[in-house]
Amino acid sequence: MRIFAISDVHVDYPENMTRMQTLSGALYSRDTLLLAGDVSDDLARLARVLEGVREKFAHVFFVPGNHELWIRRGEAGDSTAKFRQVLRLCARLAVATGPTKVTSGPDDPGAWVVPLFSWYVKPEQGATSLFVPRDGDDASLSMWADNVRTRWPEGMSVTDHFLDMNEPHLDRHYDAPVISFSHFLPRKELMFGLSAAAAPSRPARAKRFNFSRVAGSTRLEAQIRALGSVLHVFGHQHRNRDRVIDGLRYVSNCLGYPREHARGELGGAHRNPKLVWDTRSAGG
Ligand SMILES: [Fe+2]
């Protein structure tokens, strides 16, 4: 069983939708896909993508990203209700959102795939934030759309709300390697590239945006370690990584925005699902 991963496919961009719709129907028919969030806030588009990959892969796993939880003008309910809607859609389409063992047959040891729900902790919200201070950044996050497009019950701790849902999965006995995935980041180091190459130039407004304010949470990292994952896939930043830290491999394979490709910002972009694990060789 080969396990592939991709995230942040943002199919509101027509060329990204085309890319997802034209994935090979033959290449992946015995494989598993981890789709790590940010497909679209539009449930009809999300359904179209999930249906498409369900037809092409043997198993599909999904976790919502921040975009899935956006509430557009005129939409009823809050982002927790949208989350439940997304999970119901996944259930209807036989897309897994909970721990599931995948194997290609009786002589294959297989792997457990454990989707982890998550959100980010802003610096003012607590010590589990991944915030890295930077001079002159925009503390008000004026260009961060989640601030206006998500809606939460008064006083709710959003990150704990989602991470608490993962707790029942942490202490279980898993009889095969555990592969976890989330939309958001579990550790600060993953935000930064390893090479000292100069970052592509970005507009001044974008430079004032400090991503670490909305990147993820160290509590997610604690959950990954409690699970004993051998591999963790994440998305959200649109910066592609494949790195081992403290004995655990972390992989990000974001499709991202067309303009980011044009500027060469993603780094190591495959633009297709990336092979991250093969259960028969117990590795990527
Ligand atoms: Fe995201």
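In this predicted model, strands β2 (residues 32–35) and β3 (residues 59–62) are parallel and joined by four bridges.

F4 lies opposite L33 of β2. Another bridge places I6 with L35 of β2.

These strands belong to an open sheet. Its four strands follow the order β3-β2-β1-β10, and the pairing is mixed. Strands β3 and β10 (274–278) are the edges; each has a single partner strand, so one side of each lacks a neighbour in the sheet. From one strand to the next, the twist averages 25°. Helix α2 packs on this sheet and touches both β2 and β3. The direction of α2 makes an angle of about 150° with that of β3.

The side chains of β2 come next. In a regular strand, side chains alternate between the two faces of the sheet. In β2, T32 and L34 lie on one side, while L33 and L35 lie on the other. All four of these residues are buried, so both faces of β2 count as covered, burial being defined as 20 or more other C-beta atoms within 10 Å of a residue's own.

Terms used:
Residues are numbered from 1 along each chain as its sequence is written. This is a predicted model: local features need pLDDT of at least 70, side-chain atom pairs count only at pLDDT 80 or more; totals for chains, interfaces and linings use all residues. A residue is buried if 20 or more other C-beta atoms lie within 10 Å of its own, exposed if 12 or fewer, and partly exposed in between; C-beta atoms are placed from the backbone. Helices (H or I, at least four residues) and strands (E, at least two) are DSSP runs, numbered from the N terminus. Two strands pair if DSSP finds at least two bridges between them. Axes are lines fitted to C-alpha atoms, for helices over the stretch in contact, and angles run from 0 to 180 degrees between N-to-C directions. Two residues are in contact if their C-beta atoms, placed from the backbone, lie within 7 Å.
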